[in-house]
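This report describes one protein chain for a reader who has not seen it before. Please look over the sequence and the structure, then read on.

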Amino acid sequence: MKTFKGIPVSPGVATAKALVLRGQDFFSVPKVEIRSEDIPKEIVRFEESLTKTRSDLFNVRKKIAQDLGHEHSDIFSAHLLILEDRTLIEDVLSKIKSERVSAEYAFSLVIQRYFHAFAQINDDYLKERVADIRDVGRRILLNLRGEKADSLVHLKEDIIVIAHDLSPSETATMDREHVIAFATDIGGPTSHTAIMARSMEIAAVVGLGRISKEVSNGQMVIIDGNHGIAIVGPDPQTIERYASEEKRFVELITELDKLKSLAAETLDGHKLQLTANIEFPDEIPSVIAHGAEGIGLYRTEYFYMNRTDLPSEEEQFNAYRHVAEQLVPQPVVIRTLDLGGDKFLSSLDLPREMNPFMGWRAIRFCLTRVDIFKTQLRAILRASVHGNLKLMYPMVSNLLELKKANQILEEARNELRAEHKPFDEKMEIGAMIEIPSAALTSDVLAREVDFFSIGTNDLIQYSLAVDRVNEKIAYLYEPAHPAILKLIQHTIQNAKKAKIWISVCGEMGGDPAMALLLLGFGINQLSMSSFALPKVKKAIRSVTFKQAREIAARSLEFSTGEEIKKFAEAKLKAVTPELVGD
Ligand code: PEP
Ligand code: MG
């Protein structure tokens with residue numbers, strides 16, 4: 001039995017035989033020399049494989065559009081474009097002619113050159129394109145060899161897919177009845193593949209290192225998508241333990257599903273608003289399915305990523321309008337561009353910095369690149385008449401920044417007034433509180449805005465001086481650290497004094513035990529990944545507000561994060577044992 005630890009990207013527990021995808025290795029295609037009279041035949045073979053791949057992709061695109069919606073099928077339009085790439089095609093044809101080699105070999109040489117060239121460039125947009133090229137390349141190669149590309153489409157028994165990496169097209173075309181989980185060596189939680197796993201609601205773990213090398217086809221595996229664990233060749237006791245964990249998870253999901261249309265309300269009638277965080281508009285169906293009361297954080301920077309140009313006002317207006325209309329009358333909080341840290345844009349050739357998380361980023365960047373900022377503000381303002389939109393600024397560190405941002409917003413409003421373009425004059429404006437200086441001066445900042453949203457992900461990183469993406473010091477990244485709780489409590493108190501509402505939109509709000517503390521401190525809204533929402537709702541519906549206030553007050557008497565975490569988890573277990581596993 002061997003256990004692998006990775007990143008949980010989609011919850012659930014599954015036990016089944018492994019189907020290992022070794023993928024198409026472009027680097028080991030044998031060199032086959034051909035006679036010069038066979039060159040035309042080889043060229044025809046290559047062209048036929050392109051035609052076949054094109055028709056496969058059309059079919060896949062149609063199937064995905066029907067099953068999962070157009071947002072997911074658009075990726076195949078990009079794949080179809082790669083098939084039209086004349087440079088790539090001409091390169092292969094000229095290799096077949098000049099080197100007198102088989103189409104497979106010529107194609108593998110050209111594609112390797114592409115990978116090599118892309119690997120030298122540190123650019124998120126191009127990295128995504130490499131995945132697309134690999135995906136299409138794999139299909140072309142299989143068609144050249146007369147093999148079937150879609151080994152995951154028609155399955156006879158339940159299986160767990162294990163792969164080095166999975167392309168979006170492989171994920172999207174999986175037989176949804178029989179693929180009950182997947183695990184990969186590489187990948188992150190915001191990859192398209194991970195997002196699709198969540199919308200397909202199958203357990204998934206990524207970033208497992210070498211799992212694809214250490215599992216054989218047909219070997220038993222357990223995937224624990226709740227904790228990011230994969231177990232290969234489990235012993236009977238482990239299988240039994242996970243069978244009851246799986247049963248418990250299914251029961252819990254069924255139970256939690258019943259809460260969907262109920263309010264996030266304590267036993268003594270105190271209501272909280274539970275909203276969802278999104279990165280892409282295609283997450284909206286999942287937001288609605290999990291019973292969110294709106295969107296508390298729309299991270300718009302993803303809209304600027306994976307492209308070589310900046311989105312125009314019109315394009316942004318259409319996207320924001322679409323999101324607003326899907327949710328109406330529920331609120332959607334749009335966060336202005338939070339560029340920087342670990343989020344880079346391909347379209348802006350910005351210099352690399354020594355301390356990117358503390359550098360020229362987010363609102364600081366927007367206040368100097370007023371052209372980019374105002375384009376976004378105008379788009380949000382214009383979309384505001386189509387729904388219940390609110391706007392918030394990320395990374396505010398002092399009053400002056402907030403005033404300047406509001407001043408540019410007022411300029412955008414004036415421009416629209418002059419152009420007779422309608423917008424919601426009363427759209428609420430908020431500030432994210434994610435820097436200690438902002439939390440400590442929240443009394444002053446509160447005068448300039450209609451609401452606060454505490455970004456605990458960054459507040460923790462800046463307060464505890466722990467880089468949020470560095471796994472070596474991850475043990476120091478403690479949401480329950482007394483310093484964090486004090487900053488949150490202080491900010492909530494200042495919001496109350498100023499009579500503005502306040503939310504937490506960092507990951508901390510999606511942890512049911514921490515949610516009890518935040519409830520007790522008097523938070524008005526918690527915003528989180530939509531799949532975390534039912535659990536948090538269950539926790540809130542299991543306590544009285546009085547109990548939660550007592551739990552929050554007691555938590556401040558401890559000296560360490562470890563003690564507070566244990567205390568909060570014990571309290572959660574006491575009120576709703578179903579939510580606390582192992
Ligand atoms: C946060 O910092 O908590 C937050 C919600 O924003 P992001 O994770 O996008 O930095
Ligand atoms: Mg943040």
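Buried area is the accessible area, taken with a 1.4 Å probe, that two parts lose on being put together, summed over both. The structure discussed here is a predicted model.

**Domains**

The protein chain is divided into domain 1 (2-22 + 158-255), domain 2 (36-145) and domain 3 (259-431 + 503-579). Between the C-alpha centres of domain 1 and domain 3 there is a distance of 29 Å. Nine residues from domain 1 and 10 residues from domain 3 take part in the contact.

Together, domain 1 and domain 3 bury about 810 Å² between them, and 66% of this area is on carbon and sulfur atoms. On the side of domain 1 that touches domain 3, the elements giving two or more residues are α7 (192-200) and α9 (236-257). The count of salt bridges between domain 1 and domain 3 is zero. One residue pair is found in polar contact across this interface, with both residues at pLDDT 80 or more.

The magnesium ion (ligand 2) is coordinated by E434 through OE and by D458 through OD, at 2.0 to 2.2 Å. These residues are 24 residues apart and link distant parts of the chain. E434 sits in the loop between β14 (429-433) and α16 (436-440), while D458 belongs to helix α18 (residues 456-464). Are E434 and D458 buried or exposed? Both are buried.

D458 is one of the buried residues of α18, along with T456, N457, L459, I460, Q461, Y462 and L464. Because eight of the nine residues of α18 are buried, the helix is largely enclosed by the rest of the structure. Its buried residues pack against β11 (295-299), α16, β15 (451-454), α19 and β16. After α18 comes A465, which has a positive phi near 55 degrees.

**Backbone features in loops**

Two further residues with positive phi, R100 and K499, are not glycines. The table lists their values and places.

| Residue | Phi | Location | Relative accessibility |
|---|---|---|---|
| K499 | about 60 degrees | loop between α19 (482-497) and β16 (501-504) | 75% |

K499, at 75% relative accessibility, counts as exposed, for which the cut-off is over 50%. The loop that holds K499 runs between α19 and β16, and both of these elements are packed against by buried residues of α18.

Another backbone feature is a cis peptide bond, from V328 to P329, with omega near 10 degrees. P329 is found in the loop between α12 (313-327) and β12 (331-335).

**A buried arginine**

R413 lies in helix α15 (residues 399-418). Why does R413 count as buried? R413 counts as buried because its relative accessible area is 11%, and the limit for buried is under 20%. Which residues is R413 in contact with, leaving aside its neighbours within four places in sequence? They are L381, F423 and I429.

Technical notes
Residues are numbered from 1 along each chain as its sequence is written. Chains are lettered from A and ligands numbered from 1 in the order in which they are written. This is a predicted model: local features need pLDDT of at least 70, side-chain atom pairs count only at pLDDT 80 or more; totals for chains, interfaces and linings use all residues. Side-chain values use heavy atoms; hydrogens and water are left out. Donors are N, O and S atoms within 2.8 Å of the metal (3.2 Å for Na, K and Ca); water is not among the atoms, so sites may look incomplete. Helices (H or I, at least four residues) and strands (E, at least two) are DSSP runs, numbered from the N terminus. Buried means under 20% relative accessible area, exposed over 50%, partly exposed in between (1.4 Å probe, protein chains only). Domain bounds come from an automatic or database domain assignment. Contact means heavy atoms within 4.5 Å. A salt bridge is a side-chain nitrogen of Lys or Arg within 4 Å of a carboxyl oxygen of Asp or Glu. A polar contact is a pair of N or O atoms within 3.5 Å; within protein, one must be able to donate a hydrogen and the other to accept it, and residues adjacent in sequence count only if both atoms are side-chain atoms.
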